[in-house]
Amino acid sequence: MNLALWLQRTAQKYPDKTAVYLGRQGVATYSDLMIHVNRLAAWLAQEGIGPSDRVAIYLPNTPEYLSLFYGIWQAGAVAVPINAKLHPKELSWIIDDAQAHVVVVSDESYEFVKGTIGRCTIVALSELRSQMKTETLEQFGVVERAPSDLAWLFYTSGTTGRPKGVQITHGMVKSMALSYFVDVDDVSAEDSAIYAAPMSHGAGLYNIMHVLKGARHVFPTSGHFEPSEIFDLADYHDRAHMFAAPTMIKRLVEHAKSAGVGAHGLRTVVYGGGPMYLSDIVEAVEVLGNVFVQIYGQGECPMAISALSRDEVSDRKSPNWEARLASVGRAQSVVEVQIGTKKGERLSYGEVGEIMVRGDAVMPGYWNNPEATEKTILNGWLRTGDMGVMDQEGYITLKDRSKDMIISGGSNIYPREVEEVLLTHADVLEVSVIGKAHPEWGEDVVACVVCRAGAEVGEHDLDAHCRENIAAFKRPKHYLFLDSLPKNNYGKVLKTELRKLV
Ligand code: AMP
């Protein structure tokens, strides 16, 4: 089944309902959206785009993103959303790797991209808009797609080496969307989805459930994540839903506290994509209420490995609530999760190993990269590269990515554990712990710390705090005080940059 059918059905059901908003302003009803999508599909076909051809999108969050997804799918083609903050050279690499036929770019970046990219038709957003207004473009039916056909080629952030193209199929997206209703949250036509995080990532994928249910799609006018704007839009549109990385939630909470605003209109904030520290989520629930649901996923199994429900995130009564809150919840309905050894043998409850996943939301493999696929998929199980442990009740707790684990004097040290402790210090705003090569010990623990404004905390205080809370061998041997932590467009801390710094 082609995912584009979901939009068609919603447009039949709610033709006159405003579907797309730019800030507070309605810009398209569901029937307008359907017309735009039909025209885009027809225009792509005119450009020679056929089933399984790739169409790249190099745009910041903008309402046309939605039309593009469905126009591309309707034509049977594959969307290649590219992080708008990537350098044109990185863009060029992805376009070549994906063998994209068309790339849609913002008007501002058109000339720049043109100078960098050959062999691919470059279309500026203004041109795309005029195609969407072209009434003479013929009505274009929905091209038939099988569950195994590609819908989205997702390029991993490539913190180690070149990014890899994850093949996301129509079947995977459908499974992810249906399990969202079972494991994460329900959605109704009265809800609104605010696109605060980049559409080229999980936030973009989450449009599906909101299209299927006929909700509102709200694009912030600023084009990026601005806490005050998010609170304003949630208040205005009501029953708002958003996906946010943990660092974004931290900014929402800081803003709510300093501006004295509440979470009025905010219904659900799904968080994931990076570690959420216990002290941060406890504070977030205190400040914004029980709006949070956690998911754990990765491009290779998008948004669909595990989930921690709203009730579990706000539970402060169960004897083991802290351990649960520090976990990423339990396997989502459409996948199996196990903890495995390097060879893929299943470990018992309580044993630390690599998290492995198989099921309907897992990728068939990387695009044109059989070597990487072979390393990653073992007997049908996806090796996530994340270390973790599962308890008797199925709750999964992440340790750290295997490459982030520090081995010092032969002992394994999980940065997350040290970070959790440092974050409980009142003067610490953000922290990231990494390893630094040491001739004798293998690696030394280094803490990169951002202090709260006005705090005068020093290495000595933080060391004393660690001594009180964790084993001596896990304590950082060095501290680096920074004004901010380097993060990528998705709000993930770039440990590779920190390693370069130390
Ligand atoms: P990406 O493929 O860019 O979405 O990155 C996926 C990686 O982000 C995972 O393999 C995890 O290491 C991390 N991640 C995703 N969700 C969570 C979560 N809820 N808690 C901690 N780390 C997460």
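Strands β9 (192–194) and β11 (240–244) each supply at least two residues to the lining of the second largest cavity. Helices (H or I, at least four residues) and strands (E, at least two) are DSSP runs, numbered from the N terminus. The model is a predicted one: local features need pLDDT of at least 70, side-chain atom pairs count only at pLDDT 80 or more, and totals for chains, interfaces and linings use all residues. Residues are numbered from 1 along each chain as its sequence is written, and side-chain values use heavy atoms, with hydrogens and water left out.

**Cavities**

A cavity is a set of points on a 1 Å grid over the protein atoms alone where a 1.4 Å probe fits but cannot get out; a pocket is an open set with protein on both sides within 12 Å along at least five of seven lines; lining residues have an atom within 4 Å of a point. Grid points are joined across faces, edges and corners, and a volume is the space filled by probe spheres set on the points. Over the whole structure, the search finds 2 cavities of 30 Å³ or more.

The second largest cavity is lined by Ala 193, Ile 194, Tyr 195, Ala 196, Ala 197, Ala 203, Tyr 206, His 241, Met 242 and Phe 243. Strand β11 gives the most to this lining, with 3 residues. The largest cavity is lined by Pro 246, Ile 249, Lys 250, Val 253, Glu 254, Met 276, Asp 280, Glu 283 and Ala 284. Here the elements that give two or more residues are α11 and α12 (278–288), and α11 has the largest share, 5 residues.

For the table, Ala, Val, Leu, Ile, Met, Phe, Trp, Tyr, Cys and Pro count as nonpolar, Asp, Glu, Lys and Arg as charged, and the others, Gly among them, as polar.

| Space | Volume | Lining residues by class |
|---|---|---|
| Largest cavity | about 60 Å³ | 5 nonpolar, no polar, 4 charged |
| Second largest cavity | about 50 Å³ | 9 nonpolar, 1 polar, no charged |
| Second largest pocket | about 630 Å³ | 12 nonpolar, 8 polar, 6 charged |

Helix α11 gives the most, with 5 residues.

In α12, Leu 278, Asp 280, Ile 281, Val 282, Ala 284, Val 285 and Leu 288 are buried. Buried means under 20% relative accessible area, exposed over 50%, and partly exposed in between (1.4 Å probe, protein chains only). Just after α12, Gly 289 takes a positive phi of about 90°.

**Strand β19 and its partners**

Strand β19 (residues 381–390) has 9 of its 10 residues buried. Two strands pair if DSSP finds at least two bridges between them. Strand β17 (residues 353–359) pairs with β19 in the antiparallel sense over 4 bridges, and Val 357 has Leu 382 in β19 as its bridge partner. Strand β18 (residues 377–378) runs antiparallel to β19 and is joined to it by 2 bridges; Leu 382 is also the bridge partner of Ile 377. The hairpin of β18 and β19 has 2 residues between the strands, and Asn 379 in the turn has a positive phi of about 50°.

Strand β20 (residues 396–401) pairs with β19 in the antiparallel sense over 4 bridges, and Met 390 stands opposite Ile 396 in β20. These two strands form a hairpin with 5 residues between them, where Gly 394 in the turn has a positive phi of about 95°.

**Aromatic rings**

Rings of Phe, Tyr and Trp (its six-membered ring) pair if their centres lie within 6.5 Å; planes under 30 degrees apart count as stacked, over 60 as edge-to-face and the rest as tilted. The structure holds 10 aromatic pairs. Among them, Phe 69 and Trp 73 are stacked, at 5.4 Å centre to centre with 15° between the planes. They are separated by about one helical turn because they are 4 residues apart in helix α3 (residues 64–74). Both Phe 69 and Trp 73 are buried. Tyr 180 and Phe 181 form an edge-to-face pair, 6.2 Å centre to centre and 85° between the planes. Tyr 180 is buried, with a relative accessible area of 1%, whereas Phe 181 is partly exposed, at 22%. Tyr 65, Phe 69, Tyr 70, Trp 73 and Trp 152 form one aromatic cluster.
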